[in-house]
Amino acid sequence: QLSGMAQSPQPYDLVTRPCTIHAGRFRWDIRENGRPIQSSIESFATEQEAHADGRHELEKLILVSRL
């Protein structure tokens, strides 16, 4: 049994998803305890781009939450 493995060090997670407006493009959502708290304003050509941009925002969030 793995205790503590499910518990992430912070409550945020980053998910990428297909854009609902532009077919074939991607967006990201940042969730806190499973609830979306921030989404990308723009869409991205690839999932990797969306994820990289979302990571950048997530890192800013985590820095702010540690202050």
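# Exercises on a predicted model

Ser40 is found in the loop between β3 and α1.

## Exercise 1

Determine whether Ser40 is buried or exposed, and list what Ser40 touches beyond four places in sequence.

Solution. Step one is the accessibility: Ser40 has a relative accessible area of 7%. Buried means under 20%, so Ser40 is buried.

Step two is the list of contacts. Not counting residues up to four places away in sequence, Ser40 touches Arg27 and Trp28.

Step three concerns the side chain of Ser40, which reaches the backbone oxygen of Glu42 at 3.1 Å.

Step four is a distance along the way to the next exercise: the C-alpha atoms of Ser40 and Asp29 are separated by 6.5 Å, with the two residues 11 apart along the chain.

## Exercise 2

Find the element that holds Asp29, and identify which side chains make polar contacts with the side chain of Asp29.

Solution. Asp29 has its place in strand β2. With 10% relative accessibility, Asp29 counts as buried.

Two side chains are then to be found. One belongs to Arg17, joined to the side chain of Asp29 by a polar contact of 2.5 Å. Another belongs to Ser39, whose side chain is in polar contact with that of Asp29, also listed at 2.5 Å.

The wider surroundings follow. Leaving aside neighbours within four places in sequence, Asp29 is in contact with Asp13, Leu14, Val15, Arg17, Gln38 and Ser39.

## Exercise 3

Solution. Begin with the pair β1 and β2. Strand β1 covers residues 12–18 and is joined to β2 by 7 bridges, the two strands running antiparallel.

Continue with β2 and β3. Strand β3 (residues 35–39) pairs with β2 over 4 bridges, again in the antiparallel sense. Glu32 has Arg35 in β3 as its bridge partner. A hairpin is formed by β2 and β3, with 2 residues between them, and Asn33 in the turn has a positive phi of about 50°.

Finally, consider how enclosed β2 is. Of the 7 residues of β2 (residues 26–32), 5 are buried, so this strand is largely enclosed by the rest of the structure.

## Exercise 4

Name the buried residues of α1, and state what covers them.

Solution. Helix α1 (residues 47–66) has 20 residues and reaches 28 Å from its first C-alpha to its last, close to the 28 Å expected at 1.5 Å a residue.

Its buried residues are Ala50, Gly54, Glu57, Leu58 and Ile62. These residues cover an arc of only 145° around the axis, which puts them on the same side of α1.

For the cover, the elements over the buried residues of α1 include β1, β2 and β3.

The face of α1 turned away from the buried side carries the exposed residues Gln48, Leu63 and Arg66.

Note on methods
Residues numbered from 1 in each chain as written. Predicted model: local features only at pLDDT ≥ 70, side-chain atom pairs only at ≥ 80, totals over all residues. Heavy atoms only, no water. Buried < 20%, exposed > 50% of the residue type's maximum accessible area, 1.4 Å probe, protein only. Pairing = 2+ DSSP bridges. Polar contact = N/O pair within 3.5 Å; in protein donor to acceptor, adjacent residues only side chain to side chain. Contact = heavy atoms within 4.5 Å. Expected span 1.5 Å × (residues − 1). Arc of directions from axis to C-beta.
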